[in-house]
Amino acid sequence: MTLPTLCEFVWVLARGYGVEAGEIATAIRRLVDSASVRVDRPVVDAGLVVFEAGGDFADGVIAFEGRRLGGSVFTSFDRRAIEMIAATGAETRLLFAE
């Protein structure tokens with residue numbers, strides 16, 4: 001299962017259907033624990049940490065992948081994403097739209 005698919009899954013359930021975060025996290029865990037599903041589990045777990053702390057699943061995925069690929073700074077226009085990722089100990093930079 002691709003990571004963009006999981007990010008969309010979370011977004012649709014949360015925003016489109018109003019499913020609670022705890023139910024979404026449980027659904028993701030059940031899905032990725034299935035014997036027939038292959039996924040990059042450390043990335044999914046990183047997304048869930050941020051998501052369950054009140055942030056966006058995709059931001060957790062992006063931050064983890066960026067660090068794993070050698071990036072040193074998580075950068076975003078999203079102040080909330082910056083706060084959530086900074087709370088994990090990562091270096092962050094908030095961009096400002098002008």
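This is a predicted model: local features need pLDDT of at least 70, side-chain atom pairs count only at pLDDT 80 or more; totals for chains, interfaces and linings use all residues.
How exposed is D40, in terms of relative accessible area? D40 is partly exposed, with a relative accessible area of 27%. The cut-offs explain the label, because partly exposed covers the range between buried, under 20%, and exposed, over 50%.

## Confidence

The protein chain has a mean pLDDT of 94. In it, 98% of residues reach 70 or more. Helix α2 has the highest confidence, at a mean of 97. Confidence is lowest in helix α5 (residues 79-86), where the mean is 92.

## Salt bridges

The whole structure holds five salt bridges. One of them pairs D40 with R68, with the closest N and O atoms 2.4 Å apart. This pair links distant parts of the chain. D40 sits in the loop between α2 and α3, while R68 belongs to helix α4, 28 residues away. R68 is partly exposed, at a relative accessible area of 43%.

R68 also meets E65 in a salt bridge, at 2.4 Å from N to O. E65 and R68 are three residues apart in helix α4, so about one helical turn separates them. E65 counts as partly exposed because its relative accessibility is 22%, and the buried class ends under 20%.

A further salt bridge joins D45 to R41, the closest N and O atoms being 2.9 Å apart. Both residues lie in helix α3, four residues apart, or about one turn of the helix. D45 is partly exposed at 31% relative accessibility, and R41 is partly exposed at 28%.

## Nonpolar cores

The largest nonpolar core has 16 residues. Those touching the most other members are V10, I24, I28, V44, L48, F57 and V61. Four helices each supply at least two residues of this core: α1 (3-16), α2 (21-33), α3 (41-52) and α4 (57-68). Helix α1 gives the largest share, five residues.

Beyond its neighbours within four places in sequence, L48 contacts A25, I28, R29 and F57. Another core, of eight residues, lies apart from the largest one. Its members include V50, F74, I82 and I85.

## Surface patch

W11, V12 and Y17 make up a nonpolar patch on the surface. Together they have about 350 Å² of accessible area. V12 lies in helix α1. V12 is partly exposed, with a relative accessible area of 34%.

Conventions:
Residues are numbered from 1 along each chain as its sequence is written. Side-chain values use heavy atoms; hydrogens and water are left out. A nonpolar core is a set of buried Ala, Val, Leu, Ile, Met, Phe, Trp, Tyr and Cys residues joined through side-chain atoms within 4.5 Å. Buried means under 20% relative accessible area, exposed over 50%, partly exposed in between (1.4 Å probe, protein chains only). Contact means heavy atoms within 4.5 Å. Patches are made of residues with over 30% relative accessible area and no salt bridge: like charges are joined within 9 Å, nonpolar side chains (Val, Leu, Ile, Met, Phe, Trp, Tyr) within 5 Å. Accessible areas come from the Shrake-Rupley method with a 1.4 Å probe; for residues, only the protein chains shown count as cover. A salt bridge is a side-chain nitrogen of Lys or Arg within 4 Å of a carboxyl oxygen of Asp or Glu. pLDDT is the predictor's confidence in each residue, from 0 to 100.
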